[in-house]
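Subject: Handover of a structure

Dear colleague,

Please find below the structure that I would like to hand over to you.

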Amino acid sequence: MTNKTSRVQPAGPGAQMQIQIQRRDRLRIASLAAVFSVFALYLAWHASNDPDEPREASVTAVFAQDASQGGAAFASPGLVKRGEYLARAGDCIACHTSDQGRPFAGGLPINTPFGTIYTPNITPDPDTGIGRWTDADFLRAMHEGIGKAGERLYPAFPYAEYTRVTEDDVLAIRAYLNTLVPVHYTPPRNDLKFPFNQRWLMLFWNLFNFTEGRFVPDPKESAQWNRGAYLVQGLAHCEECHTPRNFTQGLKTSERFAGATQAGWHAFNITSDKTSGIGNWSDADLGSYLSVGVVPGRAAAAGPMADVVADSTQYLSAEDLRSIAIYMRSVPAISGGEVRRRDTWGQPANDVLSLRGTTISGVNGAQLFVANCATCHHWTGQGVGASAPGAYPSLIHNSTVGAASANNLTMVILHGVSRTTKTADVLMPSFAGELTDDQVAAITNYVTKQFGNPQSTVTVDQVAKLRATQQ
């Protein structure tokens, strides 16, 4: 074989001009790229030094898109901080955490009449979480109830309320979630009966129960009222627990905030009705209840509401708490049929005196109360510590004890109370492993008769059913 060497011929005048044009074009492109890069860096600097401008952060995120993560690679500290606050308002951690060692990684079982739904992982893990979701994917889920792959989401995820949240606030939450530690964890598969495991059927559920659209302020109301309405109707999704449901498990819009039962716990009527609801509560009462979980002589949060206070509402600003109070006190009154307010029942007991030297046979509610409850609540039922943070509450003038249903009191005895706030760490032990069903029923009926609504009673069978209710 013969090797041939090619020679480069000297370029003619036309070729040299073409080379010069190409060089000039490359220089222009390089210059434009440099200007664009400087502009993007300026936007990034501006966003990081102006936390009150979330839209600037959104523009920066477009320039700094990370394709492998599917979302913004950078966000201003101010945007992330606001997103954390809004995520607290939405109580995202409550449903998306089954193990405190992996927050936001999902796996929490939610029991429905149609089966069990397990919450998804919303950490930025790219394989098991939402790390590959785009902002558009996240907005679609929050506003329309549609997942990344186009699947219909189940309304255990309250998109029916989240649809009212502004785009800016949704993207702020997304920016905060992007900063979480990615957790590689795949929650269990949903366990739903046929045909409820067919997601496409949610199309029909939405026709009856879902209206897509953002919150529209009422120009006739104050800015505070509108802020409270925006929070309550949107991120805080208060109706999900406090409104009864129709046969499709959608909310009964004709009975908004009139109270409902969830997993054995009764979420009370929080309309402006002065007997059954909170019409006689002051703004300060509502603010105190939401920030520390207790209003002395009136109410103390337990069960799911204690979790809401601990995980969510205690972190809200004083201004937002006042706005919520202003809005809630305007909610139309709905009577629950009660003839006396829950927090007006009861009188001190003196059974400890009559029990001295007495031989007790069988199950005796008074004796069980003195043996198991009096150490903290005093044998008179008046509590210990008065209104100090962390005090053991009085059972007299207590809305749980004075309720028409004894469910919540029974559930407190069975499951105890755990409520950690900035002012106190409140703990009541669970007696489920210490007391039998008939003993729990005896204590409950003694407490309601002596300190609360004497018409409120519970049977042994009802206690057994509540004990078996999955939490």
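This is a predicted model: local features need pLDDT of at least 70, side-chain atom pairs count only at pLDDT 80 or more; totals for chains, interfaces and linings use all residues.

Residues are numbered from 1 along each chain as its sequence is written, and side-chain values use heavy atoms, with hydrogens and water left out.

Asn269

Asn269 lies in the loop between β7 (265-267) and α11 (283-292); helices (H or I, at least four residues) and strands (E, at least two) are DSSP runs, numbered from the N terminus. Is Asn269 buried or exposed? Asn269 has a relative accessible area of 5%, and therefore counts as buried (under 20% relative accessible area, with exposed over 50% and partly exposed in between; 1.4 Å probe, protein chains only). The side chain of Asn269 reaches two backbone atoms: the nitrogen of Thr271 at 2.8 Å and the oxygen of Ile334, also at 2.8 Å. Leaving aside residues up to four places away in sequence, Asn269 touches (heavy atoms within 4.5 Å) several others, among them Phe257, Ser276, Gly277, Ile334 and Arg342.

A pocket is an open set of points on a 1 Å grid over the protein atoms alone, with protein on both sides within 12 Å along at least five of seven lines; a cavity is a set where a 1.4 Å probe fits but cannot get out, and lining residues have an atom within 4 Å of a point. The second largest pocket holds about 1,100 Å³, a volume being the space filled by probe spheres set on grid points joined across faces, edges and corners. Of its 42 lining residues, Tyr118, Thr119, Pro120, Leu153 and Arg199 are the closest to the centre. α5 (135-144) and α7 (167-177) are among the elements that each supply at least two lining residues, and α5 gives the most, with 3. In α7, 9 of the 11 residues are buried, including Asp169 and Arg174.

The whole structure contains 2 cavities of 30 Å³ or more.

Yours sincerely

How values were computed. A polar contact is a pair of N or O atoms within 3.5 Å; within protein, one must be able to donate a hydrogen and the other to accept it, and residues adjacent in sequence count only if both atoms are side-chain atoms.
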